[in-house]
Amino acid sequence: MADISSTNLDELSYADRTSMKASELNGDKKSASNELGKEEFLQLLVCQLQNQDPLNPQQDTDFIAQLAQFSSLEQMTNMNTTLSNTNAYSMVGKEVLIEHADSSGGVKEISGVVDYVEIKEGDAYLSVGGVSYPVDELVKVLDVSYAVQSHLPSVQAQTQTYDMSNPSEVKIDLNLGDEGYAANSVAVAIDGNYIDSNLMRYEDGVLTISASAFEDLTAGSYYMGFFFDDPYSTTVTDKVTIKIVDSGIVND
């Protein structure tokens, strides 16, 4: 290609001028984006019209075909935007996980329910906890029932042992729930009988049951049932097993 610093533009060949225009256009766009959108497509078409060979101009049918391609590209772009916004509206009321990049460059995970969706300059934003986030930052959408399950009271699977020769408290790992689905209290049953609430206390995720609650049981394994007073009346009867044994050895 000719050196434009020492050559008059009028003296450049058709191929040189076309190559120069295309390279300038590509150079400008590479710094912004590697994708060819409708604006770039239109600029290429205008560049082609301005620099076509006057001795061998393109046929009308060629331009019509290119304009048809441009129209198709524009319609696809608009359709993608419409579909993206429509999908965003369907997020209202759902539990979502968002990865938001803060000003320091770090990524913060935000989870919560989408209150509403708004469109700003053609882009959809999700309002979660009173803050708007671009829909592009959405990474996970949770099913309603699945989301509720994660907030309901729960009991970890575990096996506890009570030695009749060495009576001691039994501690159960237990979660009362959160996010409006928490229970205020839990009733516990073993062998068909409820344990007196005065024999239990709950603190920091641990339910402690007094040794006297097990003193009338015979040796064997028993499932314990947990009945919460949360909005869904959660019941857990298959997670905790207590083994009643009699070692015959009394510890000091």
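This is a predicted model: local features need pLDDT of at least 70, side-chain atom pairs count only at pLDDT 80 or more; totals for chains, interfaces and linings use all residues.
Lys-120 sits over the face of Tyr-125, 5.0 Å from the ring centre. The protein averages a pLDDT of 79, with 69% of the residues scoring at least 70. Residues 1-15 fall below 50, although this stretch still has 16 contacts in the model beyond near neighbours in sequence. Residues 25-33 also stay under 50, and there the model has 4 contacts beyond four places in sequence.

Turning to the rings, a search of the whole structure picks up 3 aromatic pairs. One of them joins Tyr-162 and Phe-214, whose centres are 5.3 Å apart and whose planes make an angle of 40 degrees, a tilted arrangement. Tyr-162 belongs to strand 7 (residues 158-163), while Phe-214 is in the loop between strand 12 (206-209) and strand 13 (220-228), so the pair ties together parts that lie 52 residues apart in sequence. Both partners are tucked away: Tyr-162 has 3% relative accessibility and counts as buried because the cut-off is under 20%, and Phe-214, at 0%, counts as buried too.

Tyr-162 also has a place in a sheet. Its bridge partner in strand 14 is Ile-244, and strand 7 as a whole runs parallel to strand 14 (residues 235-245), joined to it by 6 bridges. These two strands are part of an open sheet of 5 strands, ordered 7-14-13-9-10, with mixed pairing. Strand 7 and strand 10 (193-194) stand at the edges with a single partner strand each, so one side of each has no neighbour in the sheet.

With strand 6 (residues 154-155) it runs antiparallel, joined by 2 bridges; Ser-154 has Asn-175 of strand 8 as its bridge partner. The pairing of strand 8 with strand 12 is antiparallel as well, over 4 bridges, and here Asp-173 stands opposite Val-206 of strand 12.

What do the two faces of strand 8 look like? Val-170, Ile-172 and Leu-174 make up the covered face, whereas Lys-171, Asp-173 and Asn-175 are on the uncovered one. In a regular strand, side chains alternate between the two faces of the sheet.

Conventions. Residues are numbered from 1 along each chain as its sequence is written. Side-chain values use heavy atoms; hydrogens and water are left out. Rings of Phe, Tyr and Trp (its six-membered ring) pair if their centres lie within 6.5 Å; planes under 30 degrees apart count as stacked, over 60 as edge-to-face and the rest as tilted. Buried means under 20% relative accessible area, exposed over 50%, partly exposed in between (1.4 Å probe, protein chains only). A charge sits over a ring if NZ of Lys or CZ of Arg is within 6 Å of the ring centre and within 35 degrees of the ring normal. Two strands pair if DSSP finds at least two bridges between them. pLDDT is the predictor's confidence in each residue, from 0 to 100. Contact means heavy atoms within 4.5 Å.
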